[in-house]
Amino acid sequence: MALTAIVHLIGEDAFLAELDDLPNPIHNYVLMRNIRKKDGKQLTYVTEGATAFLYSWERITFIELMGDVPLNGKAPVSTAAGTTILGFFREGDDTN
């Protein structure tokens with residue numbers, strides 16, 4: 001299961017990528033596939049036909065993971081079922 005991620009590099013715009021697995025912090029790099037701009041367009045510096053990319057941890061500021069994310073090899077952690085806010089009220093409103 002590929003994980004969709006937004007990757008933030010030092011001094012560059014963030015981009016979308018797919019990770020095969022959670023990045024391992026003991027490795028010197030992060031393996032990414034299908035990298036593209038956040039709007040889905042192709043990055044200008046990517047060579048046509050390239051399928052996988054290795055980015056050094058030293059260049060990465062942080063990575064945002066989207067959707068269900070496995071936690072330490074266990075089942076994916078799902079987002080909450082959702083909460084509906086019906087309205088707001090103020091107790092003791094003394095406007096006269």
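1. D13 is placed in the loop between β1 (3-9) and β2 (15-19); strands here are DSSP runs (E, at least two residues), numbered from the N terminus. D13 counts as exposed, at 68% relative accessibility, where exposed means over 50% relative accessible area, buried under 20%, and partly exposed in between (1.4 Å probe, protein chains only). A distance of 8.5 Å separates the C-alpha atoms of D13 and K37, which are 24 residues apart along the chain.

2. On the basis of the note: this is a predicted model, in which local features need pLDDT of at least 70 and side-chain atom pairs count only at pLDDT 80 or more, while totals for chains, interfaces and linings use all residues. Residues are numbered from 1 along each chain as its sequence is written, and side-chain values use heavy atoms, with hydrogens and water left out.

3. The largest nonpolar core has 16 residues, of which V7, F15, M32, I35, Y55 and I60 touch the most other members. Each of β1, β2, β3 (29-36), β4 (52-56) and β5 (60-66) supplies at least two residues of this core, and β1 gives the largest share, four residues. A nonpolar core is a set of buried Ala, Val, Leu, Ile, Met, Phe, Trp, Tyr and Cys residues joined through side-chain atoms within 4.5 Å.

4. Leaving aside residues up to four places away in sequence, I35 touches F15, L16, A17, L43, V46, F53 and Y55; contact means heavy atoms within 4.5 Å.

5. Three salt bridges are found in a search of the whole structure, a salt bridge being a side-chain nitrogen of Lys or Arg within 4 Å of a carboxyl oxygen of Asp or Glu. In one of them, E12 pairs with R59, with the closest N and O atoms 2.4 Å apart. E12 belongs to the loop between β1 and β2 and R59 to the loop between β4 and β5, so this pair ties together parts 47 residues apart in sequence. E12 is partly exposed, at 36%, and R59 is partly exposed, at 36%.

6. E18 and R36 form a salt bridge through their side chains (3.5 Å, N to O). Because E18 lies in strand β2 and R36 in strand β3, the pair ties together parts that are 18 residues apart in sequence. E18 is partly exposed, with a relative accessible area of 23%, whereas R36 is buried, at 16%.

7. D20 forms a salt bridge with R33, the closest N and O atoms lying 3.0 Å apart. D20 sits in the loop between β2 and β3 and R33 in strand β3, so parts 13 residues apart in sequence are tied together by the pair. D20 is partly exposed, with a relative accessible area of 41%, and R33 is partly exposed, at 32%.
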